[in-house]
Structures are given as structure tokens and as C-alpha cells.
Amino acid sequence: MQRSNLAFDIATLPPNLSELLQRCLPVELAGLLQTPADLNSSAHDAIQSHLAAVRDALIASLPLWLVPPLLAGIHTPAEYRRGTLLFADVSGFTALSERLTRFGHAGVEQLIHALNDCFAALVGAVRDHGGDLLAFGGDAVLACFSGADHAATAAAAALAMQVRMASISRRVIGGHTHMLSVKIGLASGPLLLSGVGLPGRRLALALGSVIDHCDEVAANTAPGAIGLHESTAGLLAGRAEFALGTAGIAGLQGLSVTPELMPAPAFPPAAGVELLQQIGALAPYLPADVFATLAAAPGARPGEGEQRDVVSLFIHLAGLHALADQPDALPATLVAAVVTQVVGAAMAAIERYGGALAHCDSYNGGLKLLAFFGAPVARQHDAQRAVEAALQLRADLQALQVELSEHLARSLPNQELPSLQVRMGVNYGPVVAGLIGSTARREYTVIGSATNIAARLMGAADLAAAEILVGPSVCRQLGAVLRGEERLLGLKGLPAPLNARSLTAIDVAPLPAEIAAGPLFGRERELAQLSAAAAAIERGDPRLVFLQGEAGVGKTRLARELAERLANRVDCLFTRRRGWCRAPSRSFSRCCGRSPIILSRSPAI
């Protein structure tokens with residue numbers, strides 16, 4: 001057998017890289033690592049190619065500004081930039097999504113394709129003009145342009161967006177014509193870019209009141225138009241054509257200059273230990289379940305969504321933008337350290353209860369965080385988990401507020417400092433979960449009316465009271481265990497008022513214990529398939545079996561039934577890690593004298 005010239009010695013990898021390698025590889029490649037001495041060149045090339053694809057998929061999931069410092073070993077970068085922000089909001093998509101989701105899987109496919117056609121146009125215009133797409137926000141994007149002539153470059157990108165959107169704006173679905181358009185806002189000023197969070201889990205975020213200005217301009221601009229904040233209009237004076245738009249906002253009509261474009265950075269290929277280290281630096285910026293999905297299929301393209309029942313938790317953290325508006329007085333590292341405390345508390349509470357904090361963007365003087373429970377992996381009692389996480393986070397942030405205020409007062413005695421405030425909205429229902437964006441820049445998210453209602457509930461909550469508003473679908477699931485006043489709310493986009501609850505506490509009963517196993521019914525076909533695998537094992541042919549299904553469908557019960565039937569005949573090795581069966585360091589059959597059947601329990605696919 002031809003031996004390969006390995007770029008790294010698998011047997012001597014440090015524990016952290018060895019564990020990361022296992023997380024990155026699909027089962028067919030992971031199985032090759034059990035006997036590394038027998039790896040031939042084609043197997044090694046397949047592993048290297050897969051790892052390179054994982055790295056590239058991670059890079060496409062992050063803003064460009066973040067990647068160079070991460071690859072250089074700076075895990076929580078923080079820097080101020082002066083530039084022009086572009087906020088582009090797709091108009092008409094909410095109505096389209098509500099119509100299409102009624103048509104099941106076919107409607108979901110059309111919905112995702114429609115949104116990603118728009119995003120491909122927007123992302124392409126940003127990249128072609130040297131911009132950096134900082135964040136997706138439902139059916140909107142936020143991009144940053146820096147450099148010597150950032151205002152003109154952002155304006156040129158905005159004009160290109162409108163031209164590209166014109167060619168894809170008309171959608172004919174089910175005999176009805178839907179028109180999609182984009183309204184764009186531009187604003188210029190200082191911006192803090194930072195990576196924040198916990199040691200093993202981080203978020204990229206942007207802070208600064210310039211983001212609020214940009215959002216406000218877009219909100220007051222007509223679909224198909226480009227609005228300019230006075231900060232950007234001043235930089236373009238004499239070089240652009242303006243018209244007075246709605247709310248007295250200047251509307252961009254054209255440019256009389258052609259700005260010099262900045263090329264997108266290129267990231268050289270890596271191999272071996274360096275490649276694993278780069279993946280290890282990038283991976284913490286995705287939730288663990290999302291990273292597992294990406295690592296299993298790094299070549300997946302935006303456009304493949306699935307319907308799932310998900311609990312969406314929106315969190316508004318107000319008062320943070322003001323910290324980033326004083327670059328001369330407040331060092332970037334200090335502001336990042338404060339925000340890390342706040343966002344880290346949110347991460348800890350959400351992930352403690354099995355949620356995924358997957359998205360962060362700007363909202364009304366601070367940050368808006370989106371966590372979901374039920375995607376990409378469903379768990380039992382997701383509604384209860386989300387409510388408990390919200391209550392825990394509120395308590396943690398109220399305690400943290402006192403600590404941070406005292407710390408900042410000591411560090412900056414002569415500065416007027418903002419106070420931290422929080423409010424939340426929780427709702428449950430069917431959504432579309434999957435990748436949005438383009439191959440160059442993408443994000444895993446959930447989209448649907450249930451998520452929109454959670455965002456509306458957050459916006460209706462009382463910020464001063466740190467209110468948590470819970471939607472009726474969650475109230476129906478949890479019933480009398482929720483404590484708090486009922487409220488009848490008129491929310492934007494809803495035809496009728498909605499019954500919500502202002503959450504004060506939850507009377508939590510212990511999660512149901514496992515019921516003693518009784519007779520198993522209705523699984524004859526699955527047991528027959530497993531029995532056939534067992535028969536092959538007894539002939540000396542090892543087997544790997546995946547049990548896939550939603551939470552609560554009976555995977556554990558089926559696995560136990562199999563183990564009982566195979567007692568004293570075949571050894572069963574159970575794993576829970578999706579996409580990877582953690583094998584012992586030596587051959588299992590050499591340890592126990594028999595060939596194993598390996599059962600991998602994937603919570604959801």
C-alpha cells in the first residue's frame with residue numbers, strides 16, 4: 001500500500017486538535033482515523049480536502065474584518081473604524097413569506113429561493129465594491145465600507161444594488177404577482193468592531209450610534225430608493241445628485257465620481273496542523289449545533305431550507321451604542337470587555353438551557369440577539385427551556401448591571417455612562433430554518449411569522465421594567481406554570497390583537513423522568529433492519545447504525561430494545577455526537593473479542 005506524506009501525525013495531535021478533528025469529519029472519513037498507520041494518499045487527500053472546505057465555509061459565515069485577526073491568533077479582536085454603513089431592507093418579503101409557508105415544503109423552497117436571490121444580489125454588490133457584510137437581519141443586511149473614500153464607495157454599492165434588484169423584483173407564485181424591492185439607508189461615523197463572548201463561544205458584533213442612524217434612514221426611505229443621513233450627504237457634497245425624499249431625508253440619485261474599489265482579501269490555503277488551528281480559531285463564532293451541521297456538509301449552498309417548529313427568543317440589550325461613540329475617551333478594548341460581560345451572560349444562560357445564540361445585530365441604541373430552541377437540533381421541552389433561559393438572563397443581567405456600573409465609575413470617573421437595559425420576546429411556531437445569503441457570505445437562521453411575532457413582542461415589552469413578553473403558542477404549551485399578567489397587544493403586521501403574558505416567574509415541575517420500559521409497539525420494521533445488521537455482525541462483519549429522528553420520537557427506547565435482544569451476542573457502543581462516533585483508541589473488537597454494532601443517536605436531522 002502506498003503511504004502518504006502526512007501533513008500532521010494524527011496519533012500525536014494535541015488533545016484539543018484531536019477532538020476538533022473528530023468534530024470536523026463525517027463518519028466515513030472519521031472511520032479512517034482508527035488506523036492512521038494504514039492511511040493511503042487518497043484517504044489523506046480526502047481528509048485534507050474536507051478540512052479545507054470546512055475552513056472556507058467558516059470564513060463565509062463571518063464578516064471579513066474578523067477573519068485576519070482570528071487566523072493570526074487574536075481570538076477576541078476589538079478595533080474602531082470610521083466608515084459608511086449601508087442598511088438594505090427587502091420590502092414585500094414578509095407578505096410573501098406568510099403566503100408561501102401555507103403551501104408546505106414546496107412553498108418553503110420558493111420562499112428560500114426568493115430570499116436568496118435577493119441576498120445574492122445584495123452580497124454581490126457589497127463584495128464587488130470592497131465592502132464587508134457585517135450581519136444579516138431577517139430580510140435585511142448591514143454592510144460597512146471603510147477606506148479613504150468610504151462614502152462614495154458605499155453610495156456606488158447602493159446604486160448597484162438597486163440595478164440588480166430591478167431584474168429579480170417580480171415573483172409570480174400561484175398565479176399571484178409579488179413585487180420585491182429594497183430600501184437602503186447610508187450613514188457615516190465611528191464604529192466599534194469586536195469579538196465578544198465566552199472562551200469557547202463568541203459573537204462578532206458592531207457597536208455605535210451610526211448604526212441606529214443608518215437604520216432610521218432606511219426606515220424612512222421609500223422602497224426602491226436610497227436615503228442618506230446628513231453625515232454621509234456632507235461627505236458626498238458636490239459629487240452626487242440628491243433629491244428630497246420622505247421625512248426630509250436626502251435621496252441619492254447618482255454619483256459624478258467613480259470611487260476606487262478595494263479588492264476583497266484573499267486567504268491563502270493551509271494544511272495539516274495549521275489548517276486545524278485555523279478551524280479552531282473560527283469555529284467558536286458559530287453555535288456548536290450549527291458548526292456540526294456545517295462540518296457535516298461544508299459544501300451546502302444557501303437555498304436549502306426545512307420547516308421546523310422552533311421557539312424564538314429575541315433579546316434587546318439597550319445602552320451599549322453610547323459606549324462606542326467615544327473612541328477618544330474609551331479604548332476599544334475597554335468597551336469590548338464590558339460588552340463581553342453582557343453578551344457572555346446571555347450566551348451562558350441560553351446555552352445552559354440548550355438554545356443556540358445564533359444572531360446579533362443592532363437595534364434601538366444597542367443590540368438585538370436572536371436565540372432559537374429547536375434548530376438545527378430539536379430537544380424535548382424547548383418552550384420551557386426558552387422561558388427558563390429568559391428568566392435566568394434577566395436575573396443575571398440585573399446583577400451584572402450593578403457590578404458594571406461600579407467598575408466603569410471607578411475606571412472613568414468623569415464620564416457620563418449609559419445604563420444597561422433589557423427586554424425580551426418569546427414565541428413558538430413553524431419556521432423555515434437553513435442557510436441564507438450567498439456562497440460568499442451566508443448565515444444559518446430561522447425565518448417565519450412565528451419568529452416575526454417574537455421580535456414584535458420584544459419591541460412591545462417595557463424596557464424600563466425589563467419585561468419578558470411570551471406569545472400565546474408558548475402559553476398554550478406551558479399552561480398554568482407561567483406566572484404573570486395577561487396582556488392584549490396590537491402588533492404590527494397582525495390583523496387582530498394578540499394575547500400575551502408578561503412573564504414574572506415559572507412554577508417549574510421537574511422535567512418528566514424516563515418511564516420504565518414496557519412492551520415496544522409499532523417498530524417491527526426498524527427492529528427487523530437492526531436484526532439483519534446483528535446477523536451480519538455475528539458473521540464477523542461490523543456495523544454502524546444511525547438512529548435519526550426528532551426529540552421524543554423513541555430513539556432511546558428502540559436502542560435499548562435492540563441491546564436487550566442482542567444481550568450476550570453482540571456488543572453495542574452508543575454515541576450521542578451527531579455525525580461522529582467516538583471510537584476507542586484501540587479496535588473495539590480486540591478489546592472485547594467480538595465485533596461491535598455502533599449506534600449513533602442523532603437528536604434531529
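A residue counts as exposed when its relative accessible area is over 50%, as buried when that area is under 20%, and as partly exposed in between. By that rule Glu486 is exposed, because its relative accessible area is 54%. The model described here is a predicted one.

**Salt bridges**

Side chains of opposite charge can pair when their charged atoms come close. The structure holds 10 salt bridges, and the table lists examples.

| Pair | N to O distance |
|---|---|
| Arg164 and Asp128 | 2.7 Å |
| Asp289 and Arg379 | 3.1 Å |
| Glu486 and Arg501 | 3.3 Å |

The side chains of Arg164 and Asp128 form one of these salt bridges. Arg164 belongs to helix H7 (residues 150-166) and Asp128 to helix H6 (residues 104-128), so their pairing ties together parts that are 36 residues apart in sequence. Arg164 is partly exposed, at 29% relative accessibility, and Asp128 is partly exposed as well, with a relative accessible area of 44%.

A salt bridge also joins the side chains of Asp289 and Arg379. Because Asp289 sits in helix H11 (residues 288-296) and Arg379 in the loop between S13 and H13, this pair ties together parts that are 90 residues apart in sequence. The relative accessibility of Asp289 is 23%, which makes this residue partly exposed; Arg379, at 29%, also counts as partly exposed.

In the pair of Glu486 and Arg501, the side chains meet at 3.3 Å, N to O. Glu486 is exposed, with a relative accessible area of 54%, whereas Arg501 counts as buried at 16% relative accessibility.

The side chain of Asn116 reaches the backbone nitrogen of Gly437 at 2.7 Å. Leaving aside residues up to four places away in sequence, Asn116 touches Pro302, Gly303, Leu435, Ile436 and Gly437.

**Helix H12 and the glycine that follows**

Helix H12 (residues 332-352) has 21 residues, and at 1.5 Å a residue the helix should span 30 Å. The expected span is 1.5 Å times one less than the number of residues. The end C-alpha atoms of H12 are 29 Å apart, which agrees with that expectation. H12 is followed by Gly354, whose phi is positive, near 85°.

**Backbone angles in the loops**

Most residues other than glycine have a negative phi, and most peptide bonds are trans. Asn364 has a positive phi, near 50°. Asn364 is placed in the loop between strand S12 (356-363) and S13, and with a relative accessible area of 49% Asn364 is partly exposed.

The loop between strand S13 (366-373) and helix H13 (382-411) contains Pro376. The peptide bond from Ala375 to Pro376 is cis, with omega near -5°. His381 lies in the loop between S13 and H13 too, and its phi is positive, near 65°. At 33% relative accessibility, His381 counts as partly exposed. The loop between S13 and H13 is also where Arg379, the partner of Asp289, is found.

Technical notes
Residues are numbered from 1 along each chain as its sequence is written. This is a predicted model: local features need pLDDT of at least 70, side-chain atom pairs count only at pLDDT 80 or more; totals for chains, interfaces and linings use all residues. Side-chain values use heavy atoms; hydrogens and water are left out. Helices (H or I, at least four residues) and strands (E, at least two) are DSSP runs, numbered from the N terminus. Buried means under 20% relative accessible area, exposed over 50%, partly exposed in between (1.4 Å probe, protein chains only). A salt bridge is a side-chain nitrogen of Lys or Arg within 4 Å of a carboxyl oxygen of Asp or Glu. A polar contact is a pair of N or O atoms within 3.5 Å; within protein, one must be able to donate a hydrogen and the other to accept it, and residues adjacent in sequence count only if both atoms are side-chain atoms. Contact means heavy atoms within 4.5 Å.
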